[in-house]
Amino acid sequence: MNKNSLIFLLVFLLLAIEVTFYYTGNFYLNIGVKFFIGALLVYFYYIQIEGKLLYTDNIFFVAFAFGFMGEIGFVYQKTEVLNSILVFLYLVEHQLYIILLRQPNFQKKNMTNFDLMKKGWPYILTAFLFFGFFLMEIVPDSIFVLMIFYVFQFAIMGAYSLMLNNSFEGKKFIIIAVGLMALSDIISSWYVFLGDFKFGYPIIRTLYISSKFLIAYGFILNRKKMLADAANHWETGDI
């Protein structure tokens, strides 16, 4: 068993423990296990890049930190104030992902709003329908505006994932990751605003963790390709 396979196995074993602690009411232990899962994701990313941090790596780690704080908030979202903090943390996380997806050479140059609508319409339409026919009826007034930003910001992130250049090495993993993240968010909305349902927590956490590893892997693949291309250009005297 290689190192990556061992990390994935440990993550899902820890996820089973996390879910157990959640349903038995051991919330501090639940958060402790979340920390170890997060540490494994950071370690997974770090060993792939061999400890050589680039600008985009720093953005990814900061995005992950906000996502982790959101995971803690998810456990304690019992009041509207905590729900507002939770949404805000995820807003920052998603905005950082958008910054990553819009990096030079990741998207085509001189992209227009029409391009965004043409390729990103599945997420834009889903966001419109989801908010208009579901969220608008159940979101508390205190976080209504935040949720408008959240839903349509996520639609933009989804659109940019679909618009990645074909030369982006990890494109399919990014698309799948953002799709899983969207599904996780839809189910989480039901969970947060309407209450728990059978297997709700393990479903949400499995989708969420899977999306994080996939988005990390997608960026790692493209990072390796870019560095390899840069090295080849250097060797041939192109740069």
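Helix axes here are lines fitted to C-alpha atoms over the stretch in contact, and the angles between their N-to-C directions run from 0 to 180 degrees. This is a predicted model, where local features need pLDDT of at least 70, side-chain atom pairs count only at pLDDT 80 or more, and totals for chains, interfaces and linings use all residues. Residues are numbered from 1 along each chain as its sequence is written, and side-chain values use heavy atoms, with hydrogens and water left out.

**View 1. Helices α6 and α7 pack at about 160°.** Helices are DSSP runs (H or I, at least four residues), numbered from the N terminus. Here α6 covers residues 144–162, α7 covers residues 171–194, and their axes are 9 Å apart. That angle makes α6 roughly antiparallel to α7, the word for angles over 145 degrees. Their crossing is left-handed, a label used if the near helix is turned anticlockwise from the far one by less than a right angle (right-handed if clockwise). Contact means heavy atoms within 4.5 Å, and the α6 residues that meet α7 include Met147, Tyr150 and Phe154. Sorted by class, the residues of this contact give 11 nonpolar, 2 polar and 2 charged. Nonpolar takes in Ala, Val, Leu, Ile, Met, Phe, Trp, Tyr, Cys and Pro, charged takes in Asp, Glu, Lys and Arg, and the others, Gly among them, are polar.

**View 2. Helices α1 and α2 cross at roughly 165°.** Look for residues 3–23 (α1) and residues 27–48 (α2), whose axes come within 8 Å. The two helices are therefore roughly antiparallel to each other, and α1 passes α2 in a left-handed crossing. From α1, residues including Ile7, Leu14 and Phe21 join in, and α2 brings, among others, Val33, Leu40 and Phe44. Count up the classes in this contact and you get 18 nonpolar, 3 polar and 3 charged residues.

**View 3. Helices α5 and α6 cross at roughly 155°.** The axes come within 8 Å, and that crossing angle makes α5 roughly antiparallel to α6. This crossing is right-handed. Among the α5 residues that meet α6 are Tyr123, Phe128 and Phe131, and the α6 side includes Phe144, Val151 and Phe152. The residues in this contact split into 19 nonpolar, 3 polar and 1 charged.

**View 4. Phe131 and Phe152 form a tilted aromatic pair.** Rings of Phe, Tyr and Trp (its six-membered ring) pair if their centres lie within 6.5 Å; planes under 30 degrees apart are stacked, over 60 edge-to-face, and the rest tilted. By that rule the count comes to 19 aromatic pairs. This one has 6.5 Å centre to centre and 55° between the planes. Phe131 sits in α5 (residues 113–138) and Phe152 in α6, so the pair ties together parts that are 21 residues apart in sequence.

**View 5. Ser210 sits in helix α8, residues 200–235.** Its side chain reaches the backbone oxygen of Thr206 at 2.7 Å. Leaving aside residues up to four places away in sequence, Ser210 touches Phe12 and Leu180.

**View 6. Phe199 lies in the loop between α7 and α8.** Phe199 has a positive phi of about 65°, although it is not a glycine.

Definitions and conventions
A polar contact is a pair of N or O atoms within 3.5 Å; within protein, one must be able to donate a hydrogen and the other to accept it, and residues adjacent in sequence count only if both atoms are side-chain atoms. Angles under 35 degrees count as roughly parallel, over 145 as roughly antiparallel, 65 to 115 as roughly perpendicular and the rest as oblique.
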